[in-house]
Amino acid sequence: MSDSTGTTTHEPRRPVYLAVYDTLADWEPGHATAQLARAGYEIRTVGPTREPVTTVGGLRIQPDLALDDVRPADASLLILPGADLWDAGDELAPFARKAREFLDAGVPVAAICGATAGAAREGLLDGRDHTSAVSFYLAATGYGGGERYVEADAVTDGGLVTAGPTEPVAFAREILRLLHVYDDEAVDAWYRLFHDSDPTAYAVLEKAGVL
């Protein structure tokens, strides 16, 4: 159900969990988390433990929760940003396993950049349409879902959003659609404004009360 601002109302609205870990790519989740917070979602950071982590940009983050304390029933969404560590061993594999737990419970997950490779290794892309940076990046994981790879800015299938590292705006667009945060017209205008710098989109968003 949408209110007069174009925002779809949710009762109760559970928090969005943002995974944070060393070497996290700062630019990838920002559009999504900022817009979700503006729409009334609480953003809670989830680290491997509650020890501080440092992003690739040098920002130090104190996680709100440790991964072991996260339950799908408490969340609206799990966001997995990219990070150098996704391709440097198995240190972040527990986050991919947690993503499986979320999806099995019917709670959506959004993975971008290196996190798509983590999802591939976990088998989460074998039966879903998906995208990433390039197809051969995921092929190098040895996963079984290559025939489901889509050349697109971002893809949503089976409760899982995927995107490559250069598409943080499209990544956010898919999240906004998946959670029905705004109606379709407002989401389209939001994307056109922030991705295409389309000045005509501003009036649509202003009318919808999104800005």
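Colleague: Which residue in β9 is the bridge partner of Ala111?

Modeller: Thr162 is the bridge partner of Ala111. This is a predicted model, where local features need pLDDT of at least 70 and side-chain atom pairs pLDDT 80 or more, while totals for chains, interfaces and linings use all residues. Residues are numbered from 1 along each chain as its sequence is written, and side-chain values use heavy atoms, without hydrogens or water.

Colleague: What makes β7 and β9 a pair?

Modeller: Two strands pair if DSSP finds at least two bridges between them. Strand β7 (residues 109-112) and strand β9 (residues 160-163) are joined by 4 bridges and run parallel, so they pair. Strands here are DSSP runs of E with at least two residues, helices are runs of H or I with at least four, and both are numbered from the N terminus.

Colleague: Why is one side of β5 and of β8 left without a neighbour in the sheet?

Modeller: The open sheet has 7 strands in the order β5-β2-β1-β6-β7-β9-β8, with mixed pairing. β5 (65-66) and β8 (154-157) stand at its edges and each has a single partner strand, so one side of each lacks a neighbour in the sheet.

Colleague: Which strands does helix α5 touch?

Modeller: Helix α5 (residues 168-178) packs on the sheet and touches β6, β7, β8 and β9, contact being heavy atoms within 4.5 Å. The direction of α5 makes about 25° with that of β8.

Colleague: How do β1 and β2 pair?

Modeller: β1 and β2 pair in the parallel sense over 4 bridges, and Tyr17 stands opposite Arg44 in β2. Val16 and Leu18 point one way from β1, Tyr17 and Ala19 the other way, and all are buried (under 20% relative accessible area with a 1.4 Å probe, protein chains only; exposed is over 50%, partly exposed in between).

Colleague: Why are α6 and α7 called oblique?

Modeller: The axes of α6 (residues 184-196) and α7 (residues 200-208) come within 8 Å and cross at roughly 140°; axes are lines fitted to C-alpha atoms, for helices over the stretch in contact, and angles run from 0 to 180 degrees between N-to-C directions. Angles under 35 degrees count as roughly parallel, over 145 as roughly antiparallel, 65 to 115 as roughly perpendicular and the rest as oblique. α6 and α7 are therefore oblique to each other.

Colleague: Which residues in α1 meet α5?

Modeller: His31, Ala32, Gln35 and Leu36 in α1 meet Pro168, Val169, Ala172, Ile175 and Leu176 in α5. The axes of α1 and α5 come within 7 Å and cross at roughly 40°.
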